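Here is my note on the model, as numbered points. Please read it with the structure open.

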Amino acid sequence: MDLWSRIEKAWPDLGQHGVQCLWSAPLYGRHGVGLYVTASSRAQIEASAEALQQLMASSQVEIRLCKNDGHTHPLAAAQTLHPVQGLVAISLLPEGQTRESEIVLELQSLTGVQQVRACYGESDVLMLLAAADLDGFREVLVHQIRGADGVATTSTRLVYALHRG
């Protein structure tokens with residue numbers, strides 16, 4: 001929570017690079033904070049990441065750039081009534097990677113999905129998922145996401161506290 005608080009306080013200065021933070025939350029696990037940001041260029045995101053790294057010299061900053069798939073991806077309102085939220089990293093099977101855009105559109109229609117994007121890096125897709133309770137979250141994760149055609153594995157980082165909105 002302290003790390004997240006430091007980032008939120010510093011964001012007005014960090015955001016001067018033309019980067020807008022659409023979502024942020026403290027996460028359980030080694031990835032202490034998740035940010036979903038947007039900008040008109042990769043260089044702007046990299047400049048903000050470098051400024052963030054300087055702010056938190058003892059922390060690791062990891063970037064996952066989203067792929068431009070030609071679709072619009074509106075972000076669901078941050079003020080959700082769902083107390084359980086998580087960042088889900090999804091790896092696709094080789095045959096799923098050939099229809100990545102189609103899988104992203106299918107996942108976008110699932111209950112509780114706030115955002116889903118194909119990205120570069122060790123995971124093929126990143127998703128923000130919300131549910132009324134842990135059982136509801138698990139139901140969507142296990143039976144709908146992991147069971148989706150083309151999905152190989154998932155890794156979930158639950159939100160420690162809801163985004164203040």
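The points below go from the overall fold to single residues.

1. Basis. This is a predicted model, in which local features need pLDDT of at least 70 and side-chain atom pairs count only at pLDDT 80 or more, while totals for chains, interfaces and linings use all residues. Residues are numbered from 1 along each chain as its sequence is written, and side-chain values use heavy atoms, with hydrogens and water left out.

2. Fold. The protein chain has 5 helices and 6 strands. Their order from the N terminus is α-β-β-α-β-α-α-β-β-α-β. Helices (H or I, at least four residues) and strands (E, at least two) are DSSP runs, numbered from the N terminus.

3. Burial and surface. The protein chain has 165 residues, and 40% of them count as buried. Buried means under 20% relative accessible area, exposed over 50%, and partly exposed in between (1.4 Å probe, protein chains only). The accessible surface of the chain is about 9,000 Å², with 51% belonging to carbon and sulfur atoms. These areas come from the Shrake-Rupley method with a 1.4 Å probe; for residues, only the protein chains shown count as cover.

4. Contacts along the chain. Take the contacts between residues at least 6 apart in sequence: 65% of them join residues at least 24 apart. Contact means heavy atoms within 4.5 Å.

5. Main core. The largest nonpolar core has 21 residues. Such a core is a set of buried Ala, Val, Leu, Ile, Met, Phe, Trp, Tyr and Cys residues joined through side-chain atoms within 4.5 Å. Which members touch the most others? They are Ile-90, Leu-107, Met-127, Leu-129 and Ile-145. At least two residues of this core come from each of strand 3 (84–92), helix 4 (100–108), strand 4, strand 5 and helix 5 (134–145). Beyond four places in sequence, Leu-107 contacts Ile-90, Val-113, Val-116, Val-125, Met-127, Ile-145 and Ala-148.

6. Another core, of 11 residues, lies apart from the largest one. Its members include Trp-4, Ala-10, Trp-11 and Val-33.

7. Leu-52. This residue lies in helix 2 (residues 42–55). Leu-52 is buried, at 8% relative accessibility. Not counting residues up to four places away in sequence, Leu-52 touches Ile-7, Leu-14, Leu-35 and Val-61. Leu-52 and Ala-10 are 42 residues apart in sequence, yet 8.6 Å apart in space, C-alpha to C-alpha.

8. Ser-123. Look for Ser-123 in the loop between strand 4 (113–118) and strand 5 (125–131). Is Ser-123 buried or exposed? Ser-123 is buried, with a relative accessible area of 8%. Leaving aside neighbours within four places in sequence, Ser-123 is in contact with Ala-89, Ile-90 and Ser-91.

9. Cysteines. There are 0 disulfides in the structure; a disulfide is a pair of cysteine sulfur atoms within 2.5 Å. For Cys-66, the nearest cysteine sulfur is that of Cys-119, 6.4 Å away. Cys-66 is partly exposed at 31% relative accessibility, whereas Cys-119 is buried, with a relative accessible area of 2%.

10. Charge over a ring. The charged end of Lys-67 sits over the ring of Tyr-120, 5.2 Å from its centre. The criterion is NZ of Lys or CZ of Arg within 6 Å of the ring centre and within 35 degrees of the ring normal.

11. Glu-62. This residue is in the loop between helix 2 and strand 3. Glu-62 counts as partly exposed, at 38% relative accessibility.
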